[in-house]
Amino acid sequence: MKVKAVMFGLLVGTALTGMQFDASAETLRFASQSDALTLDPHAQNEGPTITMAQQIYDPLVIRADDMTVRPGLAVSWEAMEPTVWEFKLREGVSFHDGSAFTAEDAAFSLDRARVPPSDYRNYVSSIEEVSVVDEHTLRITTQAPNPILPQQLTNIVIMSKAWAEEHGVEQTQNYAEGEENHAVRNANGTGAFRLESREPDVRTVLVRNDDYWDRENLPMEVERVVSTPVSSSATRVAALLSGELDLILYPPVQDLRRLEQSSDIAVKNTPENRTIFLGLNQGADDLESDSVEGENPLADKRVREAINLAIDVDAIQRVVMRGQSVPAGSISPTYITGYKESFDERPPHDQERAKELLAEAGYEEGFEIDFACPNDRYNNDEAICQAIVGMLGQVGIDANLNAQTRSLHFQQLQNGELDFYMLGWGVPTFDSEYIFNFLYHTRDGNRGSWNFTGFSSERMDELVEGMAGETDLDARNALLDAAWEIALDDLTYVPLHHEVLNWAMRSNVDIPIRADNSPRFASVTFK
Amino acid sequence: MFAFLVRRLLQSIVVMLVVGLVAFSLFNFVGDPIHNMVGQEATTEQREELREQLGLNDPFPLQFARFVANAAQGEFGISYRMARPVDVVIAERLPATLELAFVSAFFALFLGVSAGVYAALNRYGWTSRLVMTISLIGVSLPTFLIGILLIWIFAVQLQWLPSFGRGDVVQVGAWRTGFLTESGLRALILPAITLGLFQLTLIMRLVRAEMLEVLRTDYIKFARARGLSNRAINFGHALKNTLVPVITITGLQLGSIIAFAIITETVFQWPGVGLLFIIAIQFVDIPVMAAYLMLIALFFVVINLIVDLLYYAVDPRLRVEAGSARAH
């Protein structure tokens with residue numbers, strides 16, 4: 001009993017000696033919701049995994065903090081022919097193990113990333129062949145002209161060929177077969193940080209690479225990064241307030257005001273590269289999920305217009321999102337090539353007009369329809385859907401909400417079981433083609449893999465295939481414009497808003513916020 | 001005794017199989033792991049290929065049979081999320097959960113029994129009334145709220161204790177312990193209190209009630225008449241006789257401490273199996289979920305068995321009528 005009492009005393013004693021948060025000014029303690037799934041940089045095309053990989057590894061072309069494209073491990077590039085690109089590579093760059101970066105490494109990495117089981121292979125599926133011209137020149141041949149190849153390469157980071165061969169990781173980690181390779185928990189890149197230690201799901205420590213090639217142009221004030229996933233939002237915020245963390249992602253919307261009022265905390269926000277919208281199955285002859293027999297109300301454009309008019313996106317922004325959204329008039333995020341400000345001009349909320357349109361379409365009495373939403377994927381997704389149910393009810397459309405976890409929502413969506421659903425779409429290539437390719441092209445097994453609306457237009461398909469191969473910028477922009485005209489006119493999707501993302505940080509820390517929600521620790525400055 | 005053991009072991013196997021079956025049939029409702037395993041660019045064909053590779057297209061009985069056959073050999077498959085063998089991942093995480101659970105259980109038992117005895121002996125004192133009132137809070141507040149409250153007070157306002165994580169750990173053989181570092185011990189305090197508070201109040205109220213009951217019995221009166229010291233009566237006779245139900249409850253509660261560590265671990269980002277399980281659910285990491293549920297079932301089964309055996313040790317009456325002994 002005595003021993004136990006002493007132990008308890010010890011516990012209390014250590015508690016009362018007070019906490020020291022030994023935050024040397026150069027350590028950045030970072031927390032997101034979840035940890036990188038793997039360090040193998042080509043295995044998982046997923047947010048936190050990309051964020052971690054991009055600290056340690058560099059791509060040939062870098063997506064800068066303002067989302068513009070700038071030279072990375074390649075200093076310049078040009079299309080020699082429509083299908084042949086030449087990349088001049090940076091000289092004097094070395095990997096963390098000291099070996100020099102050459103075109104061999106770049107060619108090896110691109111080849112690694114473009115074959116299965118790489119999860120990035122769809123970004124670089126246009127590549128036919130990668131060849132080394134000399135030590136610092138790389139030539140990439142594409143199957144067809146591909147004007148956005150440099151943009152696509154921002155997602156592909158470069159590994160050391162010698163290191164990969166030494167450790168038997170010439171192939172990407174095969175997730176499906178549950179393979180674990182050396183690259184999963186070890187890394188050797190050219191990036192601004194080198195890996196010091198990693199305990200998956202618990203803590204990953206990065207230290208500054210003092211020989212970084214871009215040292216001159218970046219603040220590089222952070223010496224050490226301690227990255228700890230904290231899945232509970234309340235705990236993440238508490239740890240930021242208590243000074244145990246310096247930078248957190250996904251501060252909960254309801255806590256933002258309080259965080260902003262605290263003098264120790266700074267909050268930054270920016271419209272995110274993601275737009276939230278509703279998908280409507282216009283392709284089916286009859287819907288199983290509605291009360292109308294023998295016909296599909298969503299196939300009538302007037303009904304889609306009525307839904308668009310019935311939803312008060314400003315009210316959603318004000319009440320549900322507490323200001324943390326930007327009402328949208330199209331499904332295009334604001335950053336991307338092909339976007340125009342006029343896209344976001346929405347017809348004003350008008351219940352009367354919506355009712356008229358429904359009456360014209362022959363649904364004076366309204367109709368019933370199932371409405372599917374995720375409840376753990378987008379900011380306040382379920383609450384948005386509940387608000388929409390109320391708004392549609394006022395014009396006579398009786399939507400039966402089914403809000404469920406994302407794994408189920410997306411499973412049913414992929415199975416084609418949903419006729420009226422919520423979806424969010426981000427554009428990692430920052431180009432409209434990505435939207436048309438996945439969301440508007442006829443679903444044919446290759447393109448249109450997220451087009452569950454049954455929308456199918458020959459003209460659209462032609463345009464999408466055209467933009468994939470058009471290297472002349474003006475001609476390509478004309479194709480994008482034409483495609484947007486069709487898309488906006490058809491109202492295939494009812495747009496809601498662009499998400500706004502927030503980062504919260506201690507007030508002595510500053511970092512430019514990135515629309516891709518992927519902080520670059522080299523850009524952090526301390527005050 | 002031996003027959004009893006064998007019977008219990010056979011029952012345990014049936015229990016485990018049933019848990020496995022129920023767990024497995026539930027997995028049909030948690031959704032599709034494929035969406036979490038590939039990027040959004042993946043084509044329909046690539047998704048289908050992955051599903052086929054993972055055996056998710058097989059009929060349910062076949063999937064379950066494969067799971068049982070593998071589990072019987074100690075094979076729990078590969079985590080979809082972490083791409084590592086599930087048994088290795090769980091073995092890595094288990095020490096964190098067990099350390100937390102045992103510290104909480106010890107905290108609950110030690111304080112619970114002392115406070116319960118105190119409240120029983122000083123039945124009408126104002127301190128014991130206060131303790132009883134406060135204990136109501138422990139019984140009625142949900143765990144996550146207690147956790148957040150403690151974080152708010154001790155981490156955010158007072159800044160005495162860390163709000164998340166396990167501090168620094170030391171590797172002792174295969175066991176990664178937080179007991180040997182200052183930050184590790186400190187990180188243990190809030191989650192241990194959070195996890196143990198409900199059990200503490202439960203044990204306390206139980207001990208108090210049982211103790212009051214026992215103090216009224218004739219043999220205590222006779223003991224007093226014999227002129228035994230208060231100490232001998234209260235602790236030697238009364239407390240000892242209240243312990244049978246306390247052991248049952250504590251034993252069973254130890255199982256639920258480990259199982260309910262899920263919530264505490266999530267609130268405090270405690271890197272144990274509970275947190276692993278929660279993340280696995282979000283990701284639809286079926287192999288991890290299955291292995292975790294089986295593990296918890298195993299804990300309950302083993303703890304029940306130990307509790308039954310402890311009865312024998314504590315209560316001589318059971319030894320006499322051993323043949324018909326039936327615990328709860």
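Is Phe2(B) buried or exposed? In this predicted model, Phe2(B) is exposed, with a relative accessible area of 64%, and it lies in helix H1 of chain B, which spans residues 2-26. Together with Val6(B), Leu10(B), Ile13(B) and Leu17(B), Phe2(B) makes a nonpolar surface patch of about 500 Å². An α-helix has 3.6 residues a turn, so residues three or four places apart point the same way.

In chain A, four strands form an open sheet in the order S4-S5-S7-S6, with antiparallel pairing. Strands S4 (74-81) and S6 (127-134) stand at the edges, and because each has a single partner strand, one side of each is left without a neighbour in the sheet. From one strand to the next, the twist averages 20 degrees. The antiparallel pairing of S6(A) with strand S7 of chain A (residues 137-142) extends over 6 bridges, and Asp134(A) has Thr137(A) in S7(A) as its bridge partner. Helix H3 of chain A (residues 103-113) packs on the sheet, where it touches S5 (84-89), S6 and S7 of chain A, and its direction makes about 170 degrees with that of S6(A). Since 9 of the 11 residues of H3(A) are buried, this helix is largely enclosed by the rest of the structure; the buried residues include Phe108(A), Leu110(A) and Arg112(A), and their cover includes S5, S6 and S7 as well as helices H4 (149-153) and H5 (161-166) of chain A.

Strands S8 (residues 193-199) and S9 (residues 203-208) of chain A run antiparallel and are joined by 6 bridges. They form a hairpin with 3 residues between them, and Asp201(A) in the turn has a positive phi of about 70 degrees. Arg198(A), whose bridge partner in S9(A) is Thr204(A), also meets Asp35(A) in a side-chain salt bridge (3.2 Å, N to O). This pair links distant parts of the chain, 163 residues apart, with Asp35(A) in the loop between strand S1 (27-31) and helix H2 (47-56) of chain A; both Arg198(A) and Asp35(A) are buried.

A salt bridge of 2.8 Å (N to O) also joins the side chains of Glu499(A) and Arg274(A), which lie 225 residues apart in strands S17 (residues 493-506) and S12 (residues 265-280) of chain A, respectively. Glu499(A) is buried at a relative accessible area of 1%, and Arg274(A), at 16%, likewise counts as buried. In chain B, the side chains of Asp58(B) and Arg66(B) meet in a salt bridge (2.8 Å, N to O), with Asp58(B) partly exposed at 22% relative accessible area and Arg66(B) partly exposed at 35%.

Methods
Residues are numbered from 1 along each chain as its sequence is written. Chains are lettered from A and ligands numbered from 1 in the order in which they are written. This is a predicted model: local features need pLDDT of at least 70, side-chain atom pairs count only at pLDDT 80 or more; totals for chains, interfaces and linings use all residues. Side-chain values use heavy atoms; hydrogens and water are left out. Patches are made of residues with over 30% relative accessible area and no salt bridge: like charges are joined within 9 Å, nonpolar side chains (Val, Leu, Ile, Met, Phe, Trp, Tyr) within 5 Å. Accessible areas come from the Shrake-Rupley method with a 1.4 Å probe; for residues, only the protein chains shown count as cover. A salt bridge is a side-chain nitrogen of Lys or Arg within 4 Å of a carboxyl oxygen of Asp or Glu. Helices (H or I, at least four residues) and strands (E, at least two) are DSSP runs, numbered from the N terminus. Buried means under 20% relative accessible area, exposed over 50%, partly exposed in between (1.4 Å probe, protein chains only). Two strands pair if DSSP finds at least two bridges between them. Axes are lines fitted to C-alpha atoms, for helices over the stretch in contact, and angles run from 0 to 180 degrees between N-to-C directions. Contact means heavy atoms within 4.5 Å.
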